[in-house]
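Hi,

Here is the structure for you to look over. My notes follow below it.

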Amino acid sequence: MTEPNLEEIQNIENLLVNPSHEKLEELKQKFLTKLCEEFKVDLSEFNGEMAIIKTQITALQTLKMHRLNCGVQKYGWGRRGRDSKVALFKQSQDPSFTITDSETYAELWMGTHSNCPSKINNTELLSDYIKSNPQQILGDKIVEHFYTKSDTLKTGDLPFLFKVLSINQALSIQAHPNKTLAAQLNKNDPKNYPDSNHKPEMLISISENFQALCGFRPIEEILTHLENYPELKTLCQGDHGLSSEKNEKNLKLCFSAMMNQSDSIVSEQLNLLKKRLESSSNRSDLENLFLDLDRQYSNDVGCFSIFLLNLIHMKKGEAIYLSANIPHAYLYGDGVECMACSDNVVRAGLTPKFKDVGILCEMLDYSMKSSEENKLNGFRVNNFMIDYKPSVDEFSVQVIKIDNSEVLTNGRLEIPSVQSGSILIVTEASEGLKFECNGESFEVKEGYVYFIECDKEINLTSESENCVLNAFRAYCDIKN
Ligand SMILES: [Zn+2]
């Protein structure tokens, strides 16, 4: 039999929200008459088909949560083979996916970005599905805010992109422009800045030691490093009065001088420090990192930035939020990352790619803070959930962490609904767990990713006593 068209599906859905016996009867007659015309048969022969139509209607009404198949990016900095969470999660979603030991698996993309879009049940694009009824699937408020009032998103797109990162080698030191600068860069240089949107991002560690560079260090640490590493001081051309006037203006002069040094001076000072450190018998972790970065990116001025930027160690579940103009680089570990949909990056080092030193030195936030101050504190919602809510409308991320079955009353736990379409990834799960949503049951396994429609509550059920679940859920969160 033929499938009902989109308009008919919508009519049926509307009827199911506001059932009217008369209208259902009318629709049934219309539908059957059409089928009979098409197949040139008597209406009376079609009574049995009503069962199929009812099944279709029921499926439309009940499926408010969907398993996603997500794409993988194999950038060179990713972890190799089965060491990569990205590869393992992908294989869990799609058992036909083969993992090759020699290949790097860097990122798993969960969302609608056209470079690597997720699919529902490996067939329909998530963006096409959202397009079929954005108000109901994403939520009225989201549609109004991101589609009606702004033109940065296409209908069907999610306002955020959610990722898993498996990092073996440092990513470039970078910062992301605010909305005004993003639009300006895009207008003046569309080749290097293909996007006019801002790109706030947040990273939550899923491994026990995620390392990143983030924001400028407190002034005392910067001054100590300038004294302990004369090679750094040479590159910065002195301390520009930073030791007496401890302000952001002088730090900017130091950093800009370093970034604008010629390649030959950078290479000379790099080799001097390298030799000195290699001959030292008790190197600090930071000094070992310097040598590591030099092995990864030789003759790159970015190796010196570790003395000016905070080196942050994050435990499982800890987060950093990178608002506009904060210099940062991810160095090592596994994490989930959420960001606004944009490609706008201004790079500063640890990269062979295009660097825009002038723009970068001008735009950076030179405030000097400790590692701890750079971490983002979440709000505890209840004893199994923490909500990380940075001050942007595009996204917030909930961390769901359960490590015993006591929290499950009668074997069930309610995970509250959110007022937007959301994406949930399971990073750890014990056997026998299930999600229930709108009467449908879904298996819960490490690496599984789900799209949940707006305002739909999920229940977690467990068959066993020992219940372990780690999950992360990105959703859109209009703050005002
Ligand atoms: Zn970034």
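Arginine 347 is buried, because 21 other C-beta atoms lie within 10 Å. (Buried takes 20 or more other C-beta atoms within 10 Å of the residue's own; exposed is 12 or fewer, partly exposed is in between, and C-beta atoms are placed from the backbone.) This is a predicted model: local features need pLDDT of at least 70, side-chain atom pairs count only at pLDDT 80 or more, and totals for chains, interfaces and linings use all residues. Residue numbers start from 1 along each chain as its sequence is written.

Arginine 347 sits in strand E15 (residues 346–349). Strands (E, at least two residues) and helices (H or I, at least four) are DSSP runs, numbered from the N terminus. An unreviewed UniProt entry carries the annotation "active site" at Arg347. UniProt positions follow the numbering used here, feature names are shortened, and annotations may be inferred rather than shown by experiment.

Which residues is arginine 347 in contact with, leaving aside its neighbours within four places in sequence? They are Ser172, Ile173, Gln174, Lys353, Phe354 and Lys355. Contact here is C-beta atoms, placed from the backbone, within 7 Å.

**The core**

The largest nonpolar core has 118 residues, and Phe160 and Ala212 touch the most other members. Such a core is a set of buried Ala, Val, Leu, Ile, Met, Phe, Trp, Tyr and Cys residues joined through C-beta atoms within 7 Å. Strand E14 (residues 328–340) gives the most to this core: seven residues. Domain 2 (172–374) and domain 3 (379–475) each supply at least three residues. Those domain bounds come from an automatic or database assignment.

Leaving aside neighbours within four places in sequence, phenylalanine 160 has contacts that include Gly111, Cys338, Glu394 and Ala474.

**The strands**

Two strands pair if DSSP finds at least two bridges between them. An open sheet holds nine strands, in the order E7-E6-E1-E24-E21-E26-E19-E18-E17, with antiparallel pairing. E7 (124–125) and E17 (379–382) stand at the edges with a single partner strand each, so one side of each has no neighbour in the sheet. Within it, E19 (residues 396–402) and E26 (residues 469–475) run antiparallel, joined by seven bridges. Valine 397 stands opposite alanine 474 in E26.

Elsewhere in the strand list, E5 (residues 107–110) runs antiparallel to E2 (residues 71–73), with three bridges. Glycine 71 faces tryptophan 109 of E5 as its opposite. E5 also runs antiparallel to E8 (residues 160–167), through four bridges. There, methionine 110 has phenylalanine 162 in E8 as its bridge partner.

Best wishes

Definitions and conventions
Two residues are in contact if their C-beta atoms, placed from the backbone, lie within 7 Å.
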